[in-house]
Amino acid sequence: MRLNQIRVFLSVVESGSIHAAARILEVSPPAITKSVRQLEEELHVRLLDRTRHGVVATPAGRTFLARARVAHSELRKAEEELSNYAGGHTGSVAFGVGPTHMLLIVPEAVPQFRLQYPGVRLRIVEGPHPPLVRQVRDETLDFALGLKPELKLDSGLSFRPLFRDDFLVAARKGHPLHGARTLARLADAQWLTLTPRASPGGLVDQAFSAAGLPIPPSVIECESFTGIVALLARSDMVTLTTRRLLASPFARDDLQEIPIADRLPSITHGIFMRSGAPLTKPAAALAKAVTLAARKLVRRG
């Protein structure tokens with residue numbers, strides 16, 4: 001099995017077409033077909049099927065795909081490490097962040113990283129942390145900032161805590177329920193949430209359950225913090241957000257806390273990485289910059 005065969009297989013699966021993979025790799029379609037056929041012969045299993053909608057991985061191909069991505073990523077990183085060892089500051093880093101990290105950590109960490117590695121390509125992926133963690137596992141991302149998992153972590157992953165944050169109820173300034181002091185008073189409010197309710201322990205569900213209250217039947221999910229701020233500022237909706245996000249320039253002019261007496265969840269933010277797979281030097285430098293930015297955030301309170 002050769003690296004080029006793995007590269008061809010990944011390109012075909014990700015593009016969904018022999019011809020598209022050929023264009024990406026700048027080779028002929030027959031060369032792509034030959035490479036895949038040789039790989040299947042070596043592995044003694046069919047990896048790809050042609051359908052009306054393109055080329056798709058077989059069940060065996062999907063199993064091989066997960067391992068192939070990791071192997072290809074590790075070899076790419078090894079090449080970049082050797083380039084840096086030889087004196088070049090090249091390569092690429094990809095990391096994932098949630099809304100809190102994009103607003104409060106990234107603006108501090110990235111400029112510091114660029115001073116050290118101005119020639120490294122940097123990709124920032126923002127989104128809910130469960131899919132980001134999955135991309136860390138298959139090495140699409142070097143690491144991701146996310147929330148400490150409630151369940152035992154996959155053995156292939158590690159989590160390094162950075163800081164804790166408290167949740168509170170927030171709404172627009174002058175909200176008609178600004179005088180509410182319990183979740184029960186807010187049970188009939190329209191709720192927004194950043195956390196998908198399908199995930200275990202969704203924040204709104206968790207808060208109401210802990211208070212012994214029925215879970216609100218209709219909670220609007222939004223993956224954008226700036227979108228939530230815009231909705232809250234122009235409606236009578238309410239949300240759970242962190243104290244640090246509420247104090248950010250993006251929210252403090254439009255929103256205010258509704259200081260309820262019920263105990264609300266708190267969360268630990270941290271870095272997800274693959275276990276046993278060391279970060280490249282540029283990725284490690286970025287993780288260090290992120291850690292320093294988190295420490296500054298904690299000191300500011």
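Strand 5 (residues 143-147) and strand 11 pair in the antiparallel sense, over 4 bridges. Two strands count as paired if DSSP finds at least two bridges between them. Helices (H or I, at least four residues) and strands (E, at least two) are DSSP runs, numbered from the N terminus. The model is predicted: local features need pLDDT of at least 70, side-chain atom pairs count only at pLDDT 80 or more, and totals for chains, interfaces and linings use all residues. Residues are numbered from 1 along each chain as its sequence is written, and side-chain values use heavy atoms, with hydrogens and water left out.

Strand 11 spans residues 266-274 and is mostly covered, with 7 of its 9 residues buried. Buried means under 20% relative accessible area, exposed over 50%, and partly exposed in between (1.4 Å probe, protein chains only).

The largest nonpolar core holds 40 residues. Such a core is a set of buried Ala, Val, Leu, Ile, Met, Phe, Trp, Tyr and Cys residues joined through side-chain atoms within 4.5 Å. Phe95, Ile105, Phe113, Phe143, Leu145, Ile271 and Val290 touch the most other members. Helix 11 (residues 281-300) gives the most to this core, with 9 residues. Phe143 touches residues including Phe95, Val136, Ile271, Leu286 and Val290, when residues up to four places away in sequence are not counted. Contact means heavy atoms within 4.5 Å.

A further strand, strand 9 (residues 238-242), contains Thr241. Thr241 is buried because its relative accessible area is 4%. Leaving aside neighbours within four places in sequence, Thr241 is in contact with Asp166, Phe167, Leu168, Ala170, Phe225 and Leu246.

Over the whole chain there are 11 helices and 11 strands. The C-alpha atoms fill a box of roughly 70 × 50 × 35 Å, taken along the principal axes. Buried residues make up 46% of the 301 residues. Among contacts with a separation of 6 or more, 72% join residues 24 or more positions apart. The accessible surface comes to about 15,600 Å², and 54% of this belongs to carbon and sulfur atoms. Accessible areas come from the Shrake-Rupley method with a 1.4 Å probe; for residues, only the protein chains shown count as cover.
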